[in-house]
Amino acid sequence: MSDQEFEPKILGFFCNWCTYAGADLAGVSRLQYPSNIRVIRVMCSGTVSPHHVLKAFQKGADGVLIGGCHIGDCHYLRGNYMTIKRVRFLQDLLKFTGFEPGRLHLEWISAAEGPKFAQTVRDFTEKIRKMGPARLKSARAA
Amino acid sequence: MDKLRAKVRTLLSEGQVAGYLGYLIKDSHPLPHLFTPENLEEVDQAVVAPDNARYPLDKLLIPLAERYPEAAFAIQVRGCDERGLNELYKWGQLDPEKVVPVGVACTQEQADYCECPGPWASVVDYGEKCQPVAKSLRVEQVATLAEEDAFQEWLGAFKRCIKCYGCRDVCPMCFCKDCSLEHEDLMSTGQLPPDSIFQLVRAIHMAGRCIDCGLCEETCPAGIPLRVLYKKANALVKDLFDYETGSPTAGPSPWKMLGEEATLETKPM
Ligand code: SF4
Ligand code: SF4
Ligand code: FES
């Protein structure tokens, strides 16, 4: 598959209260962003287990984007404190094992940040497109 | 051994503990054994586990403590085992009021083999303190690999896994009743090699919990360098959260608490 044809598969985990609402706002504002992303709505970004992220990669995701409320705005007060700890840890562990940490990204996006949502999805999709298919996916296909 | 046996004998005969979890030579094998006041003469045969014949005594203590919640038990601990006790206290699996450590200091040879930063218990009833090993060369060596090479190395190792669960079953820190490694929605079933993420999932669970006893790696029939993975996981927990796994003074586990403040920031894309 040449790079031109490669359409990345991206999985988004967005919290119900901020980022998912931000995605809604992007939608009703008719902001354009690539359709490579599939979204799983979670109540809080703090409910996303590292295992869920790894499972997504196992299932062939080329990128995983987690979105939550800004620090201080989590609707469960401190759920996203856990999110940042888990993501930073997992990124470093993925780096050590060569499992491409850059394919996992965390962004705080509020319900009012429709444009930021669209921009983040655009940027992340472009980044993953440039990276090509995930190493894990290619290795498993081989 | 005399000092250790004398301590155990006193603990048992004075009724300070209901039992001592240690080792006995049986059919010329050192095996875990529960010494009791009823069989005090057995204490004459109590030994320290030879370096290469260690068992997860902490793990054996958990069901004992569950079954006899009022009783106190003494237990033979090396540095790692005692770190294990400290974590198990934190995770509510054991009550420090009901545990009396009988401490062992490891040999230099063992400490070098383990790359152990704390090769003795807080009380030493057997052995001489040796030089701790501050840095893991095994981890450093992997860290020098280019990412693509690291990936190939690890994937190659992970592919050898036969999913025997030996690493989990021997681990003194694996106490969960439901294991996510067996969760049908999260881990594929009925295929070998297992999902490539199997060992990574385990590494996540061991971060801030593994006390680096090395039993998993010694158990693994596939020779996967599991210990390197968990040593790194703990080093990351230290770097990111300043948490020293197994230390009695480290405070609550970073995974247990949501925290009073968020000290980390997201990485730029
Ligand atoms: S070294 Fe292995 S067996 Fe020992 S605590 Fe760590 S993960 Fe468990
Ligand atoms: S002990 Fe080794 S082979 Fe067995 S499940 Fe663990 S990693 Fe796989
Ligand atoms: S509710 Fe949005 S991060 Fe917790």
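A pocket, as the word is used here, is an open set of grid points with protein on both sides within 12 Å along at least five of seven lines, and its lining residues have an atom within 4 Å of a point. Keep that in mind while walking through this predicted model.

Start with the largest pocket. It holds about 780 Å³ of space. Its lining counts 30 residues, and the closest to its centre are B:P117, B:A134, B:D212, B:N234 and B:E244. Three helices of chain B, α3 (79-90), α5 (137-143) and α10 (226-241), each supply at least two lining residues. The largest share comes from α10(B), with 6 residues. By class, the lining of the largest pocket has 10 nonpolar, 9 polar and 11 charged residues.

Why does the largest pocket lie between domain 1 (2-114) and domain 2 (137-262) of chain B? Both domains give residues to its lining, so the pocket sits between them.

Now turn to the second largest pocket. Here the space is about 550 Å³. Of its 24 lining residues, B:C176, B:S180, B:I204, B:H205 and B:R209 are the closest to the centre. Look next at the helices around the second largest pocket. Chain A brings α2 (50-58) and α3 (79-96), while chain B brings α7 (166-170) and α8 (198-206); each supplies at least two residues of the lining. With 4 residues, α8(B) gives the largest share. The lining of the second largest pocket divides into 13 nonpolar, 4 polar and 7 charged residues.

Note on methods
Residues are numbered from 1 along each chain as its sequence is written. Chains are lettered from A and ligands numbered from 1 in the order in which they are written. This is a predicted model: local features need pLDDT of at least 70, side-chain atom pairs count only at pLDDT 80 or more; totals for chains, interfaces and linings use all residues. Side-chain values use heavy atoms; hydrogens and water are left out. On a 1 Å grid over the protein atoms alone, a cavity is a set of points where a 1.4 Å probe fits but cannot get out, and a pocket is an open set with protein on both sides within 12 Å along at least five of seven lines; lining residues have an atom within 4 Å of a point. Grid points are joined across faces, edges and corners, and a volume is the space filled by probe spheres set on the points. Ala, Val, Leu, Ile, Met, Phe, Trp, Tyr, Cys and Pro count as nonpolar, Asp, Glu, Lys and Arg as charged, and the others, Gly among them, as polar. Domain bounds come from an automatic or database domain assignment.
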